[in-house]
Amino acid sequence: MNKKIKTSAALVAAFALAFGAFATTSASAATTVKIAYQGPLTGPEAQTGTDSLRGVKLAIKLYNAKNPAVKVEVFEGDDQGDDAQGGTVGAGIANDDAVVGVLTAYSGPTIAALPSYKAKGIAIVSPSATRASLTDPTSTSYGAPVFHRIVSNDDLQGPALARVATNGVKDPTVFVVDDQSSYSVGLTKAVKAALGTAFQAGDSAAKGAVSDFSATIAKIKKEKANVVIYTGYYADGAKFLKQLRDKGYKGVYAGGDGVLNSEFPKLAGKKQSEGARLTAPTVPLDVASPKVYAAFKKEFKAEPGVYSTEAFDATNIFLQAIKAGKTTRADILAYLNSSSFSYKNTAGITIKFQPSGDLSGSGLMNQFVVKAGTIKLNGKA
Amino acid sequence: MDFSVLTDQFASLTFDGIALGFIYVLIALGYTMVYGVLRLINFANSEVFMLGSFATILVSTKIFNYTIESDPITGFKLVYTLLAMLLGSMIVSGLVSVLIEIVAYRRLRSRTSNRLTSLISAIGVSIVLTEGVRIATSSAPMGSPRLLDKITLVTIWGADIRLDTLLVIVFAIILLITLDLFVNKSRLGKGIRAVSMDYDTSRLMGINLNKVISTTFLIGGLGTGAAAFFYITVYEMTRFSIGFELGLAAFTAAVLGGIGNIRGAFAGGIALGLIEMYASAVLGTQWRSITAFVILILVLLFKPNGIFGESLQQARV
């Protein structure tokens with residue numbers, strides 16, 4: 001074979017390949033779409049991400065079993081709950097043309113990924129990003145028109161956390177510790193505002209960078225605080241609580257939804273974590289719907305965790321749009337932003353969105369308490 | 001700024017600062033020993049520490065089958081379990097350290113005279129180890145069972161002197177004295193000092209260069225392994241990124257005291273522990289690192305070789 005023929009044969013083959021590939025993608029694009037989950041699937045926060053992703057997978061599995069016309073797949077985007085990785089992971093998701101909607105787990109990485117989603121017009125329904133600035137039109141991290149969330153934000157959680165932490169404490173003297181992450185700083189602001197004069201002092205210990213909390217604990221002792229609120233995430237929160245109790249602190253320890261993780265009591269120790277008070281805008285799946293809870297346990301042979309319910313609901317919102325025939329990014333975004341949109345969630349409550357992306361009406365906030373090494377729901381906060 | 005916390009909690013902060021400082025001292029030994037003979041920073045030492053901390057926990061959970069919810073143990077059982085954990089950590093760290101020398105230093109030393117090459121290869125090893133452990137553990141933190149209960153022995157001026165922290169201090173002092181004697185009195189120690197002063201001359205005098213360097217890495221690794229064990233005993237948690245956090249602090253301590261000399265590592269470690277504790281208390285924990293580094297830069301401006309750098313030039317490792 002001479003060189004010329006070889007080249008043209010290769011060219012033909014290349015064309016055929018390219019055309020073939022093109023033909024298959026355009027054929028399948030009509031019938032298969034992806035819903036992306038951007039959250040921590042590895043890393044210290046992996047448990048929260050895994051619990052949520054299972055909610056997503058369950059919703060999609062139930063949908064695919066009944067709706068053969070448009071198949072839905074899940075795109076797993078692992079940002080480790082890390083602000084710095086959110087941007088890259090978000091860009092990766094936005095560049096996959098099959099993705100029609102995305103669930104983002106944590107506030108910081110959501111803010112980092114927002115530009116990518118906004119540029120490509122991909123709708124976000126977050127099951128757990130609670131930072132207030134995401135739905136605040138005056139903020140630089142304002143997420144509209146793409147951002148929506150089905151949980152109450154930290155402007156509601158802050159006062160609730162302050163209330164739960166000081167509940168039943170005579171003359172509360174409160175010490176607030178944050179971890180300098182964007183979620184933590186926002187929540188701290190709301191907590192401090194709600195505490196008023198009960199707020200005594202605070203400290204900031206950067207996430208994942210502090211082994212020894214002795215100095216913070218010395219300050220807590222000096223202020224004679226009887227309530228300590230930690231606004232970061234569970235890995236550091238557990239380390240801090242353990243050292244706090246080991247140094248003889250007897251008062252209340254409280255934390256927000258970042259601390260609400262089934263690993264928290266284990267890392268902090270059974271004795272040290274006893275009685276820890278937590279708040280979160282989440283409903284445990286067994287409380288929301290025993291039927292879905294049973295399906296979840298059957299599917300994953302594991303208990304649902306924090307935000308499993310909300311991830312299940314957020315996914316169902318996209319599935320409802322797809323069922324209504326909206327299979328492009330633009331159609332789904334318009335569907336969510338239309339004033340006629342409503343969705344009945346797992347607990348049977350009807351959800352509508354405000355133009356800012358927040359829920360309409362007063363949101364929900366629950367409180368939890370650690371008993372004998374497990375986190376138990378303790379009613380509304 | 002809030003100086004009242006310093007006056008109010010002075011004894012407590014000081015004791016905690018010294019205890020933290022001793023952990024820095026033990027890790028700093030790894031940096032300082034290697035620097036003494038090679039005139040190079042072994043950036044992989046932080047990962048030696050990280051692997052040691054995992055080894056400590058794994059000995060207690062995999063060999064002795066304790067779980068994170070196990071109750072503290074006492075008596076003879078406690079002593080031999082802790083000793084096994086310490087040995088496990090020291091053996092793993094020592095071996096890893098020697099391996100790092102063979103992989104990242106030895107061949108490069110014989111093939112090229114450019115020292116920067118092995119600096120980069122050490123950073124490479126460090127990244128490989130960190131990322132390897134990140135993948136193996138899915139970046140999740142690993143908690144340690146509390147085997148040694150946090151018993152408060154005495155309370156002096158409001159500071160609780162706890163058994164675990166006291167153990168760190170006592171052991172670190174014993175280790176430092178042994179090491180100091182070893183380097184200054186023993187035959188091999190003499191060899192280490194000779195290599196540290198002049199490579200070529202010591203080779204001409206019949207010193208086996210590779211043996212001396214390997215021994216130095218081994219000693220550095222053993223010290224770092226002990227540090228990892230004590231870190232776990234006190235803080236009971238580790239993760240893949242722990243080496244960076246602690247390694248940077250220990251390295252700073254070594255430079256502050258005068259890198260390449262054991263007494264310098266001691267002074268630097270304690271000084272850094274105290275500075276961090278006081279700065280966290282007075283300015284807030286977010287200012288801890290900034291304060292530590294500003295002080296480091298100020299010290300280096302006036303004493304470029306660190307606190308003990310010049311006066312003890314000849315007493316280098």
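Author: Domain bounds here come from an automatic or database domain assignment. This is a predicted model, in which local features need pLDDT of at least 70, side-chain atom pairs count only at pLDDT 80 or more, and totals for chains, interfaces and linings use all residues. Residues are numbered from 1 along each chain as its sequence is written, chains are lettered from A and ligands numbered from 1 in the order in which they are written, and side-chain values use heavy atoms, with hydrogens and water left out.

Reader: Which domains does the assignment give for chain A, and what distance separates their centres?

Author: The assignment for chain A gives domain 1 (31–152 + 285–348) and domain 2 (155–280 + 366–380). Taken over C-alpha atoms, the centres of these two domains of chain A are separated by 28 Å.

Reader: How many salt bridges does the rule find between domain 1 and domain 2 of chain A?

Author: In chain A, 17 residues of domain 1 are in contact (heavy atoms within 4.5 Å) with 17 residues of domain 2. For salt bridges, meaning a side-chain nitrogen of Lys or Arg within 4 Å of a carboxyl oxygen of Asp or Glu, the number found across the interface of domain 1 and domain 2 of chain A is zero.

Reader: Which residue of chain A forms a salt bridge with Glu236(B)?

Author: The contact between the chains takes 36 residues from chain B and 31 residues from chain A, and three salt bridges are found across that interface. With the closest N and O atoms 2.8 Å apart, Glu236(B) forms a salt bridge with Lys242(A).
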